[in-house]
Amino acid sequence: MKFYKDHYDVVIIGGALAGMSACLQLQAWGIKDILILEKHNMPGGLATDFVRNGFEIEATLHEMMSIGQPGRRLKVGQFFDDMGIDIDWLPVHECYRVALPNSGIDKILHHDYDGSYRTVAKEIDEVCPGTYEKVHELMLLCRRVYDSMNILSVTPMSKVQMLMKHPDFVKTVGYSATEVIKTFDLPQKAVEMLTPYWIYVGNRMDDLPFTIYAFLMADYFTGSYVCKGFSHEMSMKMQAKCEEQGAQYEFNQEVVKILVKDGKVTGVRTARGDEIACDYVISGPYPNRVYTQMIEPLSEVPVGAIKMINNRKLSVVPVSVIMVIEGTPEENGITNYSTFSGTTMDTNKIWENYSNLTEPYNYITTICLNYANPTLPEGYTQLSITALVPSKPFESVKEEEYFDLKRRLANEMIEECIRITKVDFRPRITEFEVTTPISVAHYVGAWKGNIYGYLHSMEDHAVARLQMKEKDHFIEGLEFAGAHGMSGDGMGPQITNGRAAAKAVKEDMEKKKEAAEA
Amino acid sequence: MSIKVKGFLQDVGGASRVTKLRAENFAKGSPVPDPRDPIRDLADKLHPKHMVFRCTDIREASPTSRVFRFQSADGHIPVFQSGQYVNFRLKIGESVLSRPYTISSAPYEARGPKGFFEITVRRNVQYLVPDWLFENVKVGDELEGALPFGFFYYEPMRDSKDVVALAGGSGITPFYSMAKEIAHGKLKGVKLTILYGSVKANDIVLKEELDAIEKECPDVKVVHVLSDEPDWEGEQGFITKEIIRRYSTENCTYMFCGPLPMFRFVKTALDELGVGPRRFRHDVVNNPADVSTLPGYPKGTEEKTFKITVVRGIHEDVIDAKASEPVAVSLERAGIAIDTHCRNGECGFCRSHLLEGEIFVSPIGDGRRRMDKEMGWFHACSSWPLTNLKIKIPIM
């Protein structure tokens with residue numbers, strides 16, 4: 001029985017956001033002979049949800065970025081529109097509440113859809129009088145870096161041109177977020193209010209490139225969205241479009257080997273033993289897995305690839321408590337969508353705390369979906385509490401202690417949350433799940449349960465990644481699309497990562513075609 | 001004016017600096033591949049895809065039921081919780097049938113090198129192929145499958161310490177597992193009262209075992225409720241609102257496992273007692289053998305037969321299907337493997353795509369996501385054809 005054609009132009013491993021975006025982008029360029037092999041029986045990878053006792057529960061999505069309002073779409077939103085994918089985007093009406101009892105801060109910050117960043121400056125000024133101009137200037141700097149980054153990631157230019165046209169981008173590349181923010185001479189409280197999002201890129205402010213910080217701030221403070229049908233809606237509609245345009249998309253098919261001959265991809269092998277020939281592979285699996293386990297034969301892996309993966313640090317992994325709680329959000333002490341809270345905003349201290357499994361996590365993100373999605377069942381609160389932590393401590397967890405560990409972590413995180421809600425909602429918990437890096441590894445197979453790719457650090461800077469793109473490419477016909485890609489982590493960037501992989505494939509195809517014609 | 005961070009030259013040199021740093025570090029990197037991923041290893045250990053089980057003991061649990069004990073061929077049984085199930089993949093004739101059985105032994109009994117698990121099976125319960133197990137599985141036989149599955153278990157972060165179990169027939173199995181776990185000193189602080197409904201005294205599954213636990217462990221109480229045993233000295237009749245109230249404490253959690261008619265009966269009683277979803281946990285409830293008894297089913301259709309075009313990859317088969325049988329059963333009869341687990345619409349392992357035609361989806365345990373419903377995805381185990389169909393299912 002034959003389930004596959006003998007040959008495909010492109011095989012995409014992993015039908016998650018990046019893989020599907022790669023497919024859609026290739027299709028838009030007329031490259032249609034595509035096979036997507038997905039390990040799970042659902043599209044979208046982590047962009048998914050689950051049903052328990054009749055409650056549909058969002059698994060992961062906090063905020064979808066770079067969407068923009070209709071008529072004023074940003075990069076990712078524009079892509080969905082261009083692809084003819086109509087998603088029921090629901091706006092999130094705030095950026096976040098930052099609640100730091102030890103610093104005397106409890107404030108909700110809001111975005112401006114027009115990218116003016118006046119509201120956030122005003123709101124911080126309300127807490128730290130006299131900071132309006134400085135905060136506003138910092139936000140505008142972030143925006144200029146964001147705009148430059150978006151242009152430069154697709155349009156290469158000379159160093160002189162870059163300095164002329166994108167001076168702020170160029171001049172801040174070499175510094176950490178802390179170093180650049182320092183030049184604004186803001187009071188500590190204001191800095192703390194501008195820090196919470198660090199966790200969404202997963203590194204301490206002292207080691208986080210300002211470029212990444214700026215991108216994040218500029219993006220998030222123009223507003224974010226969720227999907228009415230949960231992140232599953234986005235995944236389902238992308239899959240339907242891929243198939244409608246002729247791609248073959250198969251579930252429950254884990255690719256175990258990427259076949260390589262003379263430095264060039266020749267095909268893949270699935271867990272059930274199908275060998276499928278192709279010219280290009282776009283890999284969702286991390287380079288760590290690909291170069292140490294999947295390439296067949298392993299002798300085809302250049303030593304440079306091994307050196308590269310051995311030198312890259314992994315980013316953070318999620319520990320989430322996902323709950324449905326009896327009672328309205330107000331009854332459970334929750335008054336807004338997204339809250340960052342903890343005992344400190346010193347990201348060095350948080351990082352130290354996150355790097356062990358003994359102390360309770362001292363910094364958490366609480367998301368109450370009811371405030372973004374009015375279609376949830378009435379009388380129940382859908383709440384998730386997340387810490388994004390290094391995966392290292394989870395490497396030594398034993399099977400026998402895993403369930404107790406999950407419950408302990410969950411209880412500690414709930415206690416931290418209750419310090420802010422002031423309502424102990426534990427007796428009303430109706431549905432309860434805890435996800436850890438082990439859950440991520442189980443469902444999507446990501447390397448060490450990592451959803452955030454490689455750590456954004458001064459040693460592994462996004463701009464250096466971009467400049468070394470060619471050097472980081474080791475096997476002909478093999479591209480990567482996922483959080484380990486150039487644009488890094490988050491659901492929005494996965495769309496960009498997928499499109500970048502598609503672009504690499506298209507350019508290589510064109511190069512080969514030209515060579516053949518010549 | 002653009003920004004000044006430290007000084008013009010240092011500022012504009014940033015990109016070169018970070019790129020040089022990265023390149024230098026890469027060059028210094030170890031050339032030795034490191035394929036270890038302990039987190040994925042733990043995930044695989046907790047959720048093995050495929051296991052081989054050896055039957056090591058079979059014993060009677062009542063005149064009509066038996067306990068089958070299994071050990072894992074590789075010596076490892078993943079940690080599970082009382083109430084979860086094992087999914088067997090049984091090769092019967094040309095077909096591979098996947099069937100779920102609640103684990104009736106206690107989680108602690110599965111630990112260690114001699115760890116085992118047990119299932120307790122009653123004869124003549126429709127479509128769970130128990131008769132096949134009775135007639136075919138002997139000590140020493142090997143079966144394939146995997147565990148653990150399911151979300152029906154006591155969750156200390158959610159449930160009350162006072163648990164009132166409502167069991168019917170072979171629905172005693174999750175609670176027997178739980179009772180044994182409590183008697184072994186696990187599930188600290190949990191007090192379990194089992195209201196166990198049977199027809200006659202000799203229908204009671206695991207009676208002696210339950211008696212023994214009750215005697216030994218003050219935190220476990222078993223109340224037999226018999227519907228057709230006039231001389232019975234204990235509770236008689238069905239598990240009514242009055243009986244439930246008699247054994248309840250304020251804010252206790254109710255856990256149900258039993259057949260559909262009993263589920264409906266108990267659900268009504270609990271609704272009347274004002275018990276909402278938070279305090280009522282129930283196991284997967286099996287659909288009735290006769291689909292036409294389900295609310296909303298277009299009566300008369302059940303007599304019909306249809307064709308189903310089954311797409312797997314670029315391959316297509318056309319198979320016969322009875323309207324009276326779920327799509328998954330028609331696939332199994334035709335020798336087409338489909339990955340079912342719960343068999344009643346909840347878990348979604350058999351999630352498939354309806355390309356053409358119409359189906360009836362059982363309202364019992366309809367675990368489909370909202371967008372799945374909108375976009376034509378269905379769970380093959382609990383969907384019946386109403387017309388000829390064209391469906392796409394995962395390749396197995």
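In this predicted model, 16 residues of domain 1 of chain B are in contact with 17 residues of domain 2 of chain B. On the domain 1 side of this contact, the elements that contribute two or more residues are β1 (51-62) and β5 (117-122) of chain B, and by class that side is made up of seven nonpolar, eight polar and one charged residues. The domain assignment places domain 1 at 49-149, domain 2 at 162-282 and domain 3 at 296-392 of chain B, and the centres of domain 1 and domain 2, taken over C-alpha atoms, are separated by 23 Å.

The contact between the chains takes 55 residues from chain B and 75 residues from chain A. On the side of chain B, two or more residues are given by each of α1 (8-12), α2 (14-28), α3 (38-46) and α10 (370-374), with the largest share, ten residues, coming from α2(B). This side of chain B divides into 28 nonpolar, twelve polar and 15 charged residues.

Two cis peptide bonds may be described for the backbone. One joins Glu296(A) and Pro297(A), with omega about 0 degrees, and Pro297(A) lies in the loop between β15 (295-296) and α12 (303-311) of chain A. Another runs from Leu147(B) to Pro148(B), with omega near -5 degrees, and Pro148(B) is found in strand β6 (residues 142-149) of chain B.

Positive phi values occur in Asp262(A), near 50 degrees, and in Lys422(A), near 65 degrees. Asp262(A) is placed in the loop between β12 (255-261) and β13 (264-270) of chain A, and it counts as exposed because 7 other C-beta atoms lie within 10 Å, the limit for an exposed residue being 12 or fewer.

Notes
Residues are numbered from 1 along each chain as its sequence is written. Chains are lettered from A and ligands numbered from 1 in the order in which they are written. This is a predicted model: local features need pLDDT of at least 70, side-chain atom pairs count only at pLDDT 80 or more; totals for chains, interfaces and linings use all residues. Domain bounds come from an automatic or database domain assignment. Two residues are in contact if their C-beta atoms, placed from the backbone, lie within 7 Å. Helices (H or I, at least four residues) and strands (E, at least two) are DSSP runs, numbered from the N terminus. Ala, Val, Leu, Ile, Met, Phe, Trp, Tyr, Cys and Pro count as nonpolar, Asp, Glu, Lys and Arg as charged, and the others, Gly among them, as polar. A residue is buried if 20 or more other C-beta atoms lie within 10 Å of its own, exposed if 12 or fewer, and partly exposed in between; C-beta atoms are placed from the backbone.
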